[in-house]
Amino acid sequence: MQKVGILNSAIAKVLADLGHTDTIVIGDCGLPVPAGVPKIDLALKLGSPSFMEVVAEVEKYMEIEKVEIAAEMEDRNPAVYAAMKDLFQKQQWIVDENHEQFKAATTKAKCVIRTGEITPYANVILHSNVIF
């Protein structure tokens, strides 16, 4: 049994398989999952696990180059936006013009990790970097 790290085997495998510029999505429980993109469903009940809980844990184990969000997050979910800005201070930010543009970008992801989050626009695309 693994002693440290992400215990969810599906997430651990996705992270291990990522290459430079590959993307994963972490989203609220309402984000649609594009056809053909695998879904890792962590949602247990409304609000659990939270979006930021999952994002913060994935951030510990993923080399992240870019963070992509929809523009609506800043105004419609300022608490999550502030937490994201605090967590991702060194990464490049991509702010999609709107949520529809964001959803279109999710079609290229290696997976969508669904949380139990129930606040608006709590969704992110994480772009993988290299560790060297």
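# Salt bridges, a helix face, pockets and backbone angles

Q: With which residue does K60 form a salt bridge?
A: A salt bridge is taken as a side-chain nitrogen of Lys or Arg within 4 Å of a carboxyl oxygen of Asp or Glu. The closest N and O atoms of the K60 pair are 3.0 Å apart. The partner of K60 is E57.

Q: Which pLDDT must side-chain atom pairs have in order to count?
A: Residues are numbered from 1 along each chain as its sequence is written, and side-chain values use heavy atoms, with hydrogens and water left out. This is a predicted model, where totals for chains, interfaces and linings use all residues, local features need pLDDT of at least 70, and side-chain atom pairs count only at pLDDT 80 or more.

Q: In which helix do K60 and E57 both lie?
A: Helices (H or I, at least four residues) and strands (E, at least two) are DSSP runs numbered from the N terminus. K60 and E57 are three residues apart, about one turn of the helix. Both lie in helix 2.

Q: Is K60 exposed or buried?
A: The classes are buried (under 20% relative accessible area), exposed (over 50%) and partly exposed (in between), with a 1.4 Å probe and protein chains only. K60 has 54% relative accessibility, so K60 counts as exposed.

Q: How many residues apart in sequence are the parts tied together by D41 and R114?
A: D41 and R114 form a salt bridge in which the closest N and O atoms are 2.8 Å apart. D41 lies in strand 2 and R114 in strand 5, so the parts that this pair ties together are separated in sequence by 73 residues.

Q: Which residue meets E100 in a salt bridge?
A: The N to O distance of this pair is 3.0 Å. E100 is exposed, with a relative accessible area of 53%. The partner is K103, which is partly exposed at 24%.

Q: How many salt bridges does the structure hold?
A: Those described above include K60 with E57, D41 with R114 and E100 with K103. The count for the structure is four.

Q: Within what arc do the buried residues of helix 2 fall?
A: In helix 2, F51, M52, V54, V55 and V58 are buried. They line one face of the helix, because seen down its axis (by directions from the axis to the C-beta atoms) they fall within an arc of 160°.

Q: Against which elements do the buried residues of helix 2 pack?
A: Contact means heavy atoms within 4.5 Å. The packing partners are helix 1, strand 1, helix 4 (78-87), strand 5 and strand 6.

Q: What is the volume of the largest pocket?
A: On a 1 Å grid over the protein atoms alone, a pocket is an open set of points where a 1.4 Å probe fits, with protein on both sides within 12 Å along at least five of seven lines; lining residues have an atom within 4 Å of a point. Points are joined across faces, edges and corners, and volume is the space filled by probe spheres set on them. For the largest pocket the volume is about 260 Å³.

Q: Which of the 17 lining residues are the closest to the centre of the largest pocket?
A: Helix 1 (residues 9-17) gives the most to this lining, with three residues. By class, the lining has 10 nonpolar (Ala, Val, Leu, Ile, Met, Phe, Trp, Tyr, Cys, Pro), six polar (the others, Gly among them) and one charged (Asp, Glu, Lys, Arg) residues. The closest to the centre are L15, A16, Y61, M62 and E63.

Q: Which helix gives the most to the lining of the second largest pocket?
A: This pocket holds about 200 Å³ of space. Its lining has seven nonpolar, two polar and two charged residues, and E57 is one of them. With four residues, the helix that gives the most is helix 2.

Q: What is omega for the peptide bond from S48 to P49?
A: P49 lies in the loop between strand 2 (39-41) and helix 2, and P49 is also one of the residues that line the second largest pocket. The bond from S48 to P49 is cis, with omega near -10°.

Q: Is Y121 buried or exposed?
A: Y121 has a positive phi of about 60° although it is not a glycine. Y121 is in the loop between strand 5 (112-114) and strand 6 (124-128). Its relative accessible area is 19%, so Y121 is buried.
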